[in-house]
Amino acid sequence: MGLSRWDAKYTPYLIITPFFVVFAIFGLYPLLYTAWVSLHDWQLIDGDQGFVGLENYSRLFGDPNFWNALFNTLSLFVLSTVPQLLAALGLAALLDRGLRGSAFWRAGVLLPNVISVAAVALVFAQFYGRDFGIVNYLLGLVGIDPVDWRAETWASHLAVSSMVMWRWTGYNALLYLAAMQSVPKDMYESATLDGASRWRMFWSITVPSIRPTILFTVVTSTIGGLQLFAEPALFDPGFAANNSTGGSDRQFQTLVLYMYEKGFRLFDAGYAATVAWMLFIVVLLVAVINFSLTRRIASKG
Amino acid sequence: MNRRLVGSAAATLVMVLVAGCGGSSEADGKIELSLGLFSDFGYDKLIEEYMASHQNIKIEQRKVKMEQHNTQLATQLAGGRGAADIVALEEGVVSQFRASKDKFVNLAEYGAKDLKSQWADWKWNQGTADNGEFVLGLGTDMGSLGLCYRSDLFAAAGLPTDRAEVAKLWPTWADYAKVADQFTAKTPNVKFVDTGRNVYKAILDQTEEGYFAKDDSYIAERNDKVKSAFDTAAALGTKQQTGALEPFSQEWNVALKQGSFATTTCPAWALALIKAGAGDGAAGKWDVTTAPGGGGNWGGSFLAIPKQSKHPKEAYELAKWLTAPEQQKRIFKETGNLPSQPKVYQDAEVQATVNEYFNKAPVGQIFATSAESLKPTYRGTKDSKVGPVFASALTRVEQGKQSGADAWTQALKEVQDVVK
C-alpha cells in the first residue's frame, strides 16, 4: 500500500527526469556557458584573454554589420515565412478535398523537405547564376534584363527566400492537413445548408478550427527562420573558400552567418557568443510577438 | 540557438565515440597515425608503401574541404582533442596558426633543423617561428605562379597563341591590361580574365611585403604596392573585362566549361582544377606561360603535429618521409603539385615533365623557373583575415556596385575591425 502510493506520486517525475537531465547538459549548460564566454575577450584557439564585462555588448550595439545582419534576418524571415505559411494553408485545403491518388500528392509535398539542404542550395545557386542561370534565361524570354542575384539586396533576399519556401511549404502543409482532417464534417454540412461559400467556410470554419496548429507552425517557423544559415551560406560562392560575408557587401548576411564569420573565421569567440545571445533574445521577442498576434487574428475568425 | 545546441551535443557524442574507437583499435598492437588533409596531397600510394615497410604503423587519411579543415582544426586545438596526429597547414593560414604555436609540437625537438637545407629558404622560414628556433611544420608543395590562357580564344582575338610569344606580350601587369583592351575590342562577348581578385592576389604575391610589414605591423594603407595592385584589378573590373567569378567555385567551373573567359593566374596546383572544370572538351585549348611581373607564390602547405598527438615521434618520422625530396618528386609527377625543394627542380625528370592537357606545356621548366626567381610575400598573422575584405571590395567593383575608389575606401574602413 505504502509502496504503491509512493510509486504513484514519484514515478511520473522519475520518467520525465531523463529529458530534464539531457536538457540541462545539452541545453542549459551551453546557454549559460555562451553567456559566460560573451563577457570575455575569448579567442577561439587561445581561449580566455580576460574578463571584459559588457564591452562585447556595447561594441555590438555600435556595430553597423550587426544591425545589417539583423535587418537581413528579419527581412528574409518575413519574405519567406509569410508567403510560405499562406501557401501551405492553401495547399492543405486542396489536399483536404480528397483528390484522386491523395497519398501520392501528400507524400509528394514532403519530398522537398527530405532532400539535403546542401543539395537544394547548390541547385538553386545554379538557377540564380548571373551569366548562365535558368532564372535569368527565363526572364530574358519575356524581355527582362538579367538580374545579378547576388549583388542586389532585394534580389538576393528573394532568391534565398525561394529556397526556404521550397523546402518548408510542403512540411507545413502536411501539419495543416492533419489538423484539418479532425475538423468535424457536420460543421461544413450545416454551413453548406446555410448557403456559405467555400471561401467563407475556409476562413470561418477551417482556419479557426486549426488555430493551435497555426500557432505551432508560426512559432517553429520563427525559430527556424531567424536562425537561417545554410541557404544564404551556400548561396554565397565564397563560403567554400571561407571568404563568405554573405555577399560582397553583406547583402544577405544573416545573424547566424555573422556569428559564424566572427567565431570561426576571425576566431573572436567572445564576440560570436555575444551575437548568439542577442539572436536568442531576438528569437524570444519575435516568437512572443508572433504568438500573441496570431492568437488575436485567429480568434477573430 | 537550437542548431548550436544540437551541434555541440553531436560534437560531444562524436568525441565520446571517437575516444572509444581509439582505445580499441590500438589493441592489435599497431600505432595508429591520422593525417588531417584537404584537397589532394597525392599521398595515397606513398602511405600504402610506408605501411608496408613499417609493419607496426597504421595510417588513416582524413580529407575534408579546406575551409572545413581550417575551422575544424581551430576548434580541435581549442578543445584540446580530436585533431589528427599530422595536420596540413595551408600557406595562407600558417601564420595565423603560428600565433598559437603552443598548441603544436616544436619539430626542432626531433631534429627537424638538420633538414633545413632541403627547402627553399623562404619556404622553410614560413614554417618556423622565434627566429627559426621553433619549427612548426615541414613544407610540402609550393605555388609558384604561371598564367593560363585559352589559345583558341586568343587566336579569335587576333593575338599570338604560342606560349613564348604570349609571354612577350606581358612583361608587366600594365602590359597585361593592354592585352585585355585589345582582346575585348576584338571579342567583346568573352571575358578576358575569370576575376580581378586573382590578378590582384597575383600582383600582391610578387611583392615582398603586402598587408603587413616584416615586423607584423599593418601597412596596407601606406603600402603603394597594395594600392596599385588593387587599382590594376579594379580597372579590369570597371571595364567589365572580368567574369566576377569566385575562384574555384561551381560557377567558375561552369564558366570554364562554357569557355567564357580567356586567362587566369595559375599556380602549379591550379592546373588540375582547371582541367577538372573545363573537361575533356577543352583539352589542348588551354596553355600555360609565365605570369607578368615574374615569379610569385600562392599556396603550398606544411605538415605540423598538434601537441595533443599521442605519438609525436612516429608522426614526425612520417611527416619527414612524406616531405623528403624523393617523395615530393613523385607527387609532382602524379598530381602536378610543385615541390618546395630546389634540388628537385634540377632533376632531369622534373625538367622534362610536360602537361598533355595544357597543349603539352613544359610545366616542369615553367614552374621550376618561376619558383627559382620568386620572392615570397611576408604573411602577417592576420593576413588570411585581411585578404577577404579586399577581395569583397573587388567583387563590388566587378558587380558594378561601386567605383574602384569607393570600394578601396570602404575596404580600408572595414579592415580596421579585423586588424585592431
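1. In this predicted model, B:V193 stands opposite B:T263, a residue of β10(B). The strand β10 covers residues 261–267 of chain B and is joined to β9(B) by two bridges, the two strands running parallel. Strands (E, at least two residues) and helices (H or I, at least four) are DSSP runs numbered from the N terminus, and two strands pair if DSSP finds at least two bridges between them.

2. Conventions are as follows: residues are numbered from 1 along each chain as its sequence is written, and chains are lettered from A and ligands numbered from 1 in the order in which they are written. The model being predicted, local features need pLDDT of at least 70 and side-chain atom pairs count only at pLDDT 80 or more, while totals for chains, interfaces and linings use all residues; side-chain values use heavy atoms, with hydrogens and water left out.

3. The pair β9 and β10 belongs to an open sheet of four strands in chain B, with the order β9-β10-β8-β11 and mixed pairing. At its edges stand β9 (191–193) and β11 (286–289) of chain B; each has a single partner strand, so one side of each lacks a neighbour in the sheet. On average, neighbouring strands here are turned by 20° against each other, direction ignored. Helix α9 (residues 196–204) of chain B lies across β8 (145–150), β9 and β10 of that chain, at about 35° to β10(B). Contact here means heavy atoms within 4.5 Å; axes are lines fitted to C-alpha atoms, for helices over the stretch in contact, and angles run from 0 to 180 degrees between N-to-C directions.

4. A further open sheet of chain B has five strands in the order β2-β1-β3-β12-β6, again with mixed pairing. Its edge strands are β2 and β6 (137–139) of chain B, each with a single partner, so one side of each is left without a neighbour in the sheet. Three bridges join β6(B) to β12 (residues 301–304) of chain B in antiparallel fashion, and B:G139 has B:F302 in β12(B) as its bridge partner. Helix α4(B) lies across β3 (86–90) and β12 of chain B, running at about 115° to β3(B).

5. Over all chains the structure holds 30 salt bridges, each defined as a side-chain nitrogen of Lys or Arg within 4 Å of a carboxyl oxygen of Asp or Glu. One of them joins B:D44 to B:K63, with the closest N and O atoms 3.3 Å apart. This pair links distant parts of the chain, 19 residues apart: B:D44 is in helix α2 (residues 44–53) and B:K63 in strand β2 (residues 57–64), both of chain B.

6. The contact between the chains takes 44 residues from chain B and 41 residues from chain A. The buried area is about 3,700 Å², of which carbon and sulfur atoms give 53%; this is the accessible area (1.4 Å probe) that two parts lose on being put together, summed over both. Four salt bridges are found across this interface. B:E251 forms a salt bridge with A:R150, their closest N and O atoms being 3.6 Å apart.
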